[in-house]
Amino acid sequence: MHRDVNLGTAVATPRGLIVPNIKKAQDLSARELAAAITQLAMTARAREGKTSLSDQRGGTITYQQIMAVFTEADHPLRARQVCEAMDVAVAPNNINNVRLKLKRLAGRGILAETEPGLFTQPRP
C-alpha cells in the first residue's frame, strides 16, 4: 500500500508529451479529482507546455521533465541528481531509467556528456 498517490495526466503539447500530476490524489473526492484533472489538462499553460517542474514532480519520468531540470540547473548533473531534482525515488531502477534517457539526449546532441555520467546542456 502506498502512502501517497500522484495521478499523472499526459498532455500533448507543441514541445511533446508532458505529464503533470495531481499530488495526494488519494485524499480527493471524485468531484475534486475531476476538477483537478480538468484544471491540468485543459489549462492553456499545460497545452502550451508551460507547466513548471513542480507540476510534474512524482509522475512518470519524461524527457521534458529531464530537460526542465537542466533548464533550472547551473551546473552539470548526474542521473542521481536529476532523480532528486524531479522528486523521484532514488532507486536503482529510476537512476538507470534516467541515465538511459540522458545518454539518448546526449547522443542526439540535446545534452552533452562532459565526462562519463556527467551531463549538461551544450553552450552556444
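This is a predicted model: local features need pLDDT of at least 70, side-chain atom pairs count only at pLDDT 80 or more; totals for chains, interfaces and linings use all residues.
In which segment is V5 found? V5 lies in the segment before strand 1, residues 7-8, where a strand is a DSSP run of E with at least two residues, a helix is a DSSP run of H or I with at least four residues, and both are numbered from the N terminus.

Residues are numbered from 1 along each chain as its sequence is written, and side-chain values use heavy atoms, with hydrogens and water left out.

V5 counts as partly exposed because its relative accessibility is 37%; buried means under 20% relative accessible area, exposed over 50%, and partly exposed in between, with a 1.4 Å probe and protein chains only. Leaving aside neighbours within four places in sequence, V5 is in contact (heavy atoms within 4.5 Å) with I22, K23, K24, A25 and Q26.

Let me turn to the largest nonpolar core, which has 18 residues; such a core is a set of buried Ala, Val, Leu, Ile, Met, Phe, Trp, Tyr and Cys residues joined through side-chain atoms within 4.5 Å. Helix 4 (63-72), helix 5 (79-85) and helix 6 (92-107) each supply at least two residues of this core. Among those with the most contacts inside the core is V98, which, leaving aside neighbours within four places in sequence, is in contact with I61, I66, A79, V82, C83 and M86.

Finally, T120 sits in strand 6, residues 118-120, and counts as buried because its relative accessibility is 13%.
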